[in-house]
Amino acid sequence: MTELRGRVTAADAPIPAAEVLAVAGDALAGHAETDADGRFALTVTPAPGLRLLARCRRHAAGLALAPAAEEDEVALRLEDVAPPWPVRFTVGGGLPDGFPGPVLRLVPLALGALTATDVKWAMRPVGERSDSAYLSEAMTADGLALLLQAGRWWFAARLVLASDARAAGAVDPPPLHAVAAQLADGTPLDAMRGGWVLPVGGPTAVSLTIGER
Amino acid sequence: MTPNAGDPSVPVPGGGTVTTHTDDAAAAGWFGQDYQGPNAQQVGWIQFLAREVEKFDAGGASLGFDTSEVTLAQGQSEARKTGTPSAPHWYVDTLGGALPFYDSPATAAVNGGTVGSAGAADASAGQAAMWDAPGARPELARDAFDTWFYETDVATVTVRARFVQYMVRGPDVVMKGGMTVSWTYSGEASAAAGAADPPRTNTPAPVAAYDHIDAAHHVALVRRFPTFRYLPHD
């Protein structure tokens, strides 16, 4: 067994709570989570071609990848795969009074020069987690600002306000969904799987239209 | 809500009883915790919620938990993340704006709620009962079925709402109970928009005397209602 240590960053800023996977071919050799300073340590069985892959799903979202090295601290930099860019989502036309922004769900389809096999690791089940989105965030009425790695992302948005605590006689409002999405210059995005494909290659602004399907 | 006669009751330290109503008599899905006894007007229920979405293959083997979901609750401003049994995300579950008790009223119109709305309750000089019937959230199951081409096909999805209730009397915690509400969706069509919700199953945890709020719940309480940090906790 060998211990691998390293740090996950984006533009020299640490990325906490990133999931670091040790990958040998198609097999998962081990995994760990970064601390507040972006550092991690995990113990794995040495294997040829062992690589480390960091799933970053917080404010800066994307994948970092580097060969595993026993001797040194491995630097997993998001920008080594592809740079993250600011992406802002807003709801055009506003929302009904008293309603929050919708929940945005994203999945990476292609990131920089990563192979399709590498990108699939973004959504591979690990441990007891088997997620249906790479990143989910509730938008505010003012929108949502993210840093998304350059590439292509799938996203969808919906606003479902069901009751958890329920008042007597309460009826849940009908679910709302993003029914249209366009870039700041008015270019409509291509639809896919109930959402849209968002190309990211620089600062990007996306306007969503919310309505009933 | 109409309770079923004969639902089990347990004694409360200091007097009175708590009856857990797993399902209301009208079979409308409501569950309840029902204190009856002295000083009921000094009694309040604080309820915590953690949601899970578990996927299963055709053989019934678990494929894991979808921890990527974020839900919004009508009348409550805090967005909720789904978790796992070993890493749950707990939230205070109340429409209350200023107070954390289940039947505390909303003080602002947030997330589609209305000012003054409150969790269903029966309150009198001799009774402090809370009732809940959470929404099924088929959209969570829909996402779990909607696998990418390289993922294992999902045959069934169980959406669970795990609730824990603490009965508080004055500054003291006196009882703790629980209820898990689950819905199992079989096949993608069962979670499609417009499909009827599958039957809900309400599974109670024993209610018993308890003198503090567990640490994970206290964190959730203080996050939303910091002035209530004084309640006994571990």
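How many bridges join strand β14 of chain A to β6(B)?

## Strand pairing between the chains

Two bridges join β14 (residues 161-162) of chain A to β6(B), and these strands run parallel; strands pair if DSSP finds at least two bridges between them. In β6(B), A:A162 has B:A73 as its bridge partner. Helices (H or I, at least four residues) and strands (E, at least two) are DSSP runs, numbered from the N terminus.

## Basis of the model

This is a predicted model, in which local features need pLDDT of at least 70 and side-chain atom pairs count only at pLDDT 80 or more, while totals for chains, interfaces and linings use all residues. Residues are numbered from 1 along each chain as its sequence is written, and chains are lettered from A and ligands numbered from 1 in the order in which they are written.

## Contact between chains A and B

The contact draws 43 residues from chain B and 30 residues from chain A, where contact requires C-beta atoms, placed from the backbone, to lie within 7 Å. On the side of chain B that touches chain A, at least two residues each come from β4 (43-56), β5 (62-65), β6 (70-73), β7 (76-81) and α1 (138-145) of chain B.

## Domains of chain A

Chain A is divided into domain 1 (2-81) and domain 2 (84-211), with bounds from an automatic or database domain assignment. The C-alpha centres of these domains of chain A lie 26 Å apart, and their contact takes 18 residues from domain 1 and 15 residues from domain 2. On the side of domain 1 of chain A that touches domain 2, β7(A) gives the most, with five residues.

Key. Contact = placed C-beta atoms within 7 Å.
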